[in-house]
Amino acid sequence: MSVRALWIITHEKGESVAVQFSRRYPTVEHRAKFLAGSLYVTVPEDGAVLQLLLTELGLSDPDKPYMALRDDCFHQQHSPALELHVEGPGGGVLWPMLAISQGPLILACLPLVDAPAESRPPLASLFSVSQGLTLLAGLQAFLLGSKGKPDSEGLASRLAMMPFILLQVCPLGTPLDIPQPGASTAPAVPTPAGTQKQPAWKTGLHRGRAVVNVALTEMVRSMQYGNQSRQDLWDVYGTVTCKCEVEGVLPNVTVTLTLPPNGSPLLDVQVHPCVSSLDASILTATSVEDCDSSAFSGPYKFPFSPPLEPFRLCSYTSQVPVPPILGTYQLKEEDNQLCLTVSLKLHESVKNGFEYCEAHLPFFNRNQMGNVNVKVTSGQLDVSKEKNLLVWVIGQKFPKSREVSLEGAVGFSGQLPGPTDPLCTDLTAYIKLHFRVPDMTLSGCCVDQHSVQVYSSAKPRIVTSRELLSSEYYIWNSTGTAPLSSGHMML
Amino acid sequence: MSVNWPERISAFSRSPSQFLCSTTAEIFLTEILRELRDDRANDLIKVLLLSPLLEHPTLLCPSVSVGEETALELMSVFAQCSPKSLQLRCHLLLALTSVLLCSSCVTSCTSASQDFLDVLFQMTQDTNDLQAGAAVRPLRSTACDCLRELEACHPGLLSQRLELLSNLRQQENSRLHQAYTGLHALALRNAVYLLTQQKGAGAEDLKAALGSSEGFVWARGADSEFHSDMALLSPLTLGPMGRVPTLQTGPDSKELRSLISSLLEESYLLTSLSQAALLQKLVEIVSMVPAVSPTIFRAQLLRLLGTCEVCLLHSTLLMKAAFTDSLFSAEDEAYLLKRLVSLSQHPLLSTPEKLFYMDCILHFPENRPISCGDENLPVLLTPRLAAALVPTLFNDSASMLARFNLLSLVYLEEGEEDRDGQGGRGLAYLYDHLTSLLHVMENQGSREMVVTFFRASFLFLLHFCHVKCYSEDLIQRLCDMYLRQTRLAPHLINLADRIQDRLVESGWALALLRALQRSITEAPLSQLTLQDFRWHLRILARVAEEGEVPQRATLSFLLSVITSNSSVLCVSGDWRLGNGLLGVCRRLLLHPSLDSLLTPLADLLQYLTCYYGDTDIQDHARLYYTLLTTLSREKLAGVMAQGGPERGRQAKVHSLSTIMTETEELTTGLTVHQTEEPVLRLVKLDSPEPDAPEPDSKSHNEANSESNSSPRRGLEERESYRAKLQSPGFVSEITLQYHLTHTGVYDPHFDKLFSIRLHFGLTDSNYEEVSDISVPCLFRTRKPPAVKLRLKPKQPYPTTLRASAVFTTEDGLSWHSSLADLHVTFPEVFLPLPGPLGWTREQKNGVFEEIWSEISSVASKGDLDNGATSLFCDQLDNWAVDKLVRNFQRYRISDCSELDKGGCKVLFFLPPQSHVLLRVLTVEENVQVHIATDNWKLLPYINSYLEDITKDLHTAQVNSDG
């Protein structure tokens, strides 16, 4: 359950790659040597590790179309556990090299395979793998910062903190914790040890007014084909984020989620480890099998003792009967231009009050747009600066009819070629919707302000909120062939 | 102070080996320690300075003694540190742990490691910051972790301090209780394991161990014991199949049970990572002590099943593997699997997590596994359930391939049930997906998509190659795609190679190559671009490696491309293209149907030789042409196939280097190598087979009876003999016999030699040129072959011949080796009187007498033309004389009985035309050898010859007398 070494690498689309930080754990290596015996493979120096890792990730030599080492079809990556083929004396296969990457960051670590070396154990049987993955994900979140995207300055300063971060979370190769997003080198003033055991995940104690903030965010995904042979798909997933400022070493808070009558049950419920107990009925429903109507549908009680930082209390998925916006999209190629017909209908159950609602109509594998002769019944139409995207700003409200439409023709007489996309060729095209509806959820799930219970001396202020956001909301042109997004309907 | 430490340290960490090239580990270590003691250096620099010791202690402290000294230094730095330098002190503890463990100081139980352990232990006893205050809490936490690492590397070290550790853990109320819990749990696990290894240990021993508060157990560190028991270091092989050692305590294990309960109750207070690690240790302990029921975990189960943390869910899965149905009901199992499926595609999880969960499905710990092995699907994973994981075009590459693999396994049965038909709907979906991928890839798909498509194809074929309708359709699609996207040739070749490797029985790869060959050769030439042609050559070269694929189409395609009027190929003389062409030709030279390809291939090579615009290519083509037209099939194959198939496969990858290796191989194959030392020698055979049959006893008798025949008759014979002597075809050769054998030089490479050709060179002009001798083979293990060397003297003098051999070794290489010089001695030139076969002794005697008298008469006249007589005397006893005469056995004309009468007559014929006649007489104690020869130049040789043999006789006589 330890890692032998750890690397932090940055790159820009495969170019200017560099090891920014690395850490070796010689005492773990000492154990690895004993366990592997004659099959022991030395961890090479950073430069060599980097090269091998890039090859495995398919990032090495980006200008070469084919490299046997990198592109062999036999070589099935069992990501996230990679094999590094170390050459030379003491060489062999280093496995399982865990690597996760996001944007310009690649993080990798080599967990100790604490099993007899003769035969390779399945990845799933190695405890150190999930430890390594958790550590890497934690470090990644820390390095990327709150925005989820690193600015070079912020990244550099956080990289400089790595020795001190590792002293806390992984001093000798055994991961103990993950860094807190806002961690700093200066150790927080420690809270004196009291009579009650303080949770190890709680960095300090809150003093002052008690405030509990519970935010429920639902995301809706959809694939609409406008085609008899292809069933439209949509689903919803939600998260409940809490920020609890409550006094006490181990204060008790309970948040209850409720569904409206006849609401479809919450599926795939996952909870934060600070949740102290769970009812079995909350967990039973999953999205991968048909729900039965008698299934448990709340109330969903989550008793927990909060950490100081904001955290995701729980998440769920849900299958709602209708999509919030139903759309059709039709394209026809006529006289060197595309005739567009779009209509969008807001479902009556959805609150007609958006923070924003936009429909994006991108065009790929064509020249830039020339004349755009398009009319909309509501909202306004913009052509993007790059002249390959129509942005239809529908605004805060649909009209009374709850229907909007767009009609017209677009010519592609521009001089410059627009962006390419391997999926959207010929008449394969889509509209992507972006919207946010405050104070509503599709599943009907809500956190009642009065249902939040805090067992502490002072009466807390309780703030709850909810919102519906679009995510991957696509309406495909029904006159083209649209790619499938799920095999469910086929099988 | 001029040293830029940050730069130096980072240079060291980047590449320790390179850094230590410019200095030594010893010097570097000394510098680091000196700087650490320097009060002027700030803490940040000192922390940095510790990193080489922290990360590479074995490089800097290669031995116990250096480790010990370094540790002592670090301890004194630690002692002198300002209490405020928390970071530095923490790092010092870590560095000390690394140094002491890695330089085997702990194993050797050195005093520094004992002191260090005491220091650590002392620090950890300050629970709840009672003495040092909360400010030094990080130091205490680090000390706990150092102890934990020491126990991890030397299991059992703390096994006699369990009670103390337990108390410390319970007392601590700050966040540090996590560190104590980790330490306690590990020590407990190791202690219980050690008890299971103790014979007859039971409840009492366990109780004693739990209540122990003695010293450290150093003996455990002994390396031999350490080595033998890997289970101490690794988690016990868990699961129903693994064997877990058990500790039989009877029902009484209350203390342990309550200890585990209290640990579990507080587990909620630990971070997810530490919680998972604790659970893992407790699972091991419970599986070793049957008295504690696994249901002790039940209270935690729901919390764990609902968790969003990958490490906690994973430890639940491992718990299931360990306890199966004693903790998890069938419903739990079904639920857990559904949970894994839904997590594997959950929109909120990261890709690595989803992939890991998919791997967990493939290795799902079932309560009642049907089979064990790699990647078995759990029985409960129905196609319906798995449908949630079908691959789609929206997946990233890694997820898509993982899903493709998983679903292939799910639909494997569909493929099996319906071998010749359509397969099921699931299979149809997978194939549809593959073709959509192909479509996407063709539409300017990125390199990653291309690789993904080929990997997916490989997976599909691996599982469903036998479903004809799909595998055949795929070939067609790949061929169509190839003509549009010829740049994908390397991928196609790779796919064919891999399928051929993995599915040896299946002919799919062959069918693909055949179809590609057809597509290439049948496509209209007018549309062929230079770039396409380059790729075509790669494909055709690969096709040409297949003996079962006819190659005529390839050749006629190549011929028509390069000879077509519009073709500028030859004129342009592109070197790489030319090599592509030659690459195909090279493989065709090895093709089993080469005989039928001879003419077109020769045409192609000749055309390249004459018209290709690059000299190097011309030369190569000429070489190939020469090889094709002159070498035997076997030799050709031997020359071309140098290096074996593995190297061939490797070389294919780098087309450019193939040419280089080709050239090199050819050179090796065609060059005659020189051995460093002679490996062969010729050994003279002692008793040569008689050239002519010895006169038989009958003729001997005849000779006796006719001893008084008339001299006239001798004259007659002499005349006929003389006439014969003048005739051109007369006996003019001597034959020497040798054995050809290995010299003493032993080299297994030369054990088996073939096609040996021996060549002899003259050192004087007395002999005609010697023709070469061929020996088919020579094996070290077999009888050496006999070799007959025929010499044709011009003058019958002794001579020396230079000898050498050219031969082939087993690996097809040709070698040249010189042999030791061959000395032809004077007596080796002797032949018996070459009269007609039927001549009686009498007739021979007549000739002897005739020649003798002729020479004597000429000599007495003083008319020295060529003839000469001489006399040789020596003192020999009868025995020696007998021996002497026996030397002349083959050449004797008369019996030894005549020694004292007319003398024993001996005639040596020396080709081409010389004679030496001897009459050996014994006169009293002396032996007289009267010599007559028709070639006076031979006299010195005769003299030394006689001297040699009489000398031998004297020596022999002395020896026998002595």
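Residues are numbered from 1 along each chain as its sequence is written, and chains are lettered from A in the order in which they are written. In this predicted model local features need pLDDT of at least 70 and side-chain atom pairs count only at pLDDT 80 or more, while totals for chains, interfaces and linings use all residues; side-chain values use heavy atoms, with hydrogens and water left out.

Chain B has 962 residues, of which 54% count as buried, that is, under 20% relative accessible area with a 1.4 Å probe and protein chains only. Its secondary structure comes to 41 helices and 12 strands, taken as DSSP runs (H or I of at least four residues for helices, E of at least two for strands) numbered from the N terminus. Among the contacts in chain B with a separation of 6 or more, 72% join residues 24 or more positions apart, contact meaning heavy atoms within 4.5 Å.

Between the chains, 115 residues of chain A are in contact with 122 residues of chain B. The size of an interface is often given as the accessible area lost when the parts come together. Here the buried area is about 10100 Å², with 63% given by carbon and sulfur atoms; this is the accessible area (1.4 Å probe) lost by the two parts, summed over both. The rule finds four salt bridges across this interface, each a side-chain nitrogen of Lys or Arg within 4 Å of a carboxyl oxygen of Asp or Glu. A:Arg31 forms a salt bridge with B:Glu149, the closest N and O atoms lying 2.8 Å apart. On the side of chain A that touches chain B, helix H1 (residues 26-36) gives the most, with seven residues.

The largest nonpolar core has 191 residues. Such a core is a set of buried Ala, Val, Leu, Ile, Met, Phe, Trp, Tyr and Cys residues joined through side-chain atoms within 4.5 Å. The members touching the most others include A:Phe302, A:Leu313 and B:Trp508. Helix H24 (residues 447-464) of chain B gives the most to this core, with nine residues. Apart from it lies another core of 103 residues, including B:Leu100 and B:Phe116.

A:Thr217 lies in strand S6 (residues 211-224) of chain A and is buried, with a relative accessible area of 15%. Residues touched by A:Thr217 include A:Tyr237, A:Glu467 and A:Leu469.

How values were computed:
Buried means under 20% relative accessible area, exposed over 50%, partly exposed in between (1.4 Å probe, protein chains only). Lists of a residue's contacts leave out its neighbours within four places in sequence.
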